[in-house]
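Subject: Structure for you to look at

Hi,

Here is the structure I promised to pass on. Please open it alongside this note, and I will go through what turned up.

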Amino acid sequence: MSKVVNSVILAVIKKIISGSISLYNKITSNTSKNGDSELIAKIARYVMSFDEVIGIHDIYISSMCVGKPVITFHAEVNANGDFVKLHDTIDNIEKKLSEVLSCHVVIHMDPISLNDEASFRMKRFTTLVTKSVNESLNIKNFRMVYGPTHINLIFDVEAPKELSGSFNTIKSDIEKKIKSLPGNLSAVIDIETAE
């Protein structure tokens, strides 16, 4: 190749890399897991009003798109349910939220296993792991999502108020312990102050 072609290719690569870094910075500065707590509460109330939805988690609100924010979250449904009907319900929820909130909505449907022995055993095991991080911690709302590559253990951790400054460390410690175990386990944790 000629030097001119090489320099053009190099310039294009530099432009792509700098654009990727710029896009990454824009995404990270305009995406919020917490977002507007009042809006998140309204979304949760509406979505949880459907009998087919067992729970929701990982709500993200992003202002990346021009003109309209993007809201995305996981809706938990019964793994033994009728997936055609469940998918229709999730589609209807997306459409209604998009209309009412004037935004783009993307819902990921998580099938949750309910009332099976494996879930009960894993909940007991997860309780032990959580208490090994700090004896005063408790778990609630435990669910399992089986996937072909990993199993999500989704649960809330209740922590005493005096630990509120170390919630991130607690969450990280529990996630690491669960991830280190055999079985491709992954923890999806929300931590809240115990009442």
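Helices here are DSSP runs of H or I with at least four residues, strands are runs of E with at least two, and both are numbered from the N terminus. T169 counts as partly exposed because its relative accessibility is 47%; buried means under 20% relative accessible area, exposed over 50%, and partly exposed in between, with a 1.4 Å probe and protein chains only. Its C-alpha atom lies 9.8 Å from that of V133, although 36 residues separate T169 and V133 along the chain.

Before going further, please note that this is a predicted model, where local features need pLDDT of at least 70, side-chain atom pairs count only at pLDDT 80 or more, and totals for chains, interfaces and linings use all residues. Residues are numbered from 1 along each chain as its sequence is written, and side-chain values use heavy atoms, with hydrogens and water left out.

How do α4 and α5 cross? The axes of α4 (residues 117-133) and α5 (residues 167-179) come within 9 Å, at an angle of roughly 135°. That makes α4 oblique to α5, since angles under 35 degrees count as roughly parallel, over 145 as roughly antiparallel, 65 to 115 as roughly perpendicular and the rest as oblique. The axes are lines fitted to C-alpha atoms, for helices over the stretch in contact, and angles run from 0 to 180 degrees between N-to-C directions.

On the α4 side, T126, V129, T130, S132 and V133 meet I170, D173, I174, K177 and I178 of α5, contact being heavy atoms within 4.5 Å. By class, this contact has five nonpolar, three polar and two charged residues. Ala, Val, Leu, Ile, Met, Phe, Trp, Tyr, Cys and Pro count as nonpolar, Asp, Glu, Lys and Arg as charged, and the others, Gly among them, as polar.

There is also a pairing of α2 (residues 37-48) with α3 (residues 83-101), whose axes come within 11 Å and cross at roughly 145°. Here L39, I43, Y46 and V47 in α2 meet I93, K96, L97 and L101 in α3. That contact has seven nonpolar, no polar and one charged residues.

As for the chain overall, it has five helices and seven strands, in the order α-β-α-β-β-α-β-α-β-β-α-β from the N terminus. Of its 195 residues, 31% count as buried.

Best wishes
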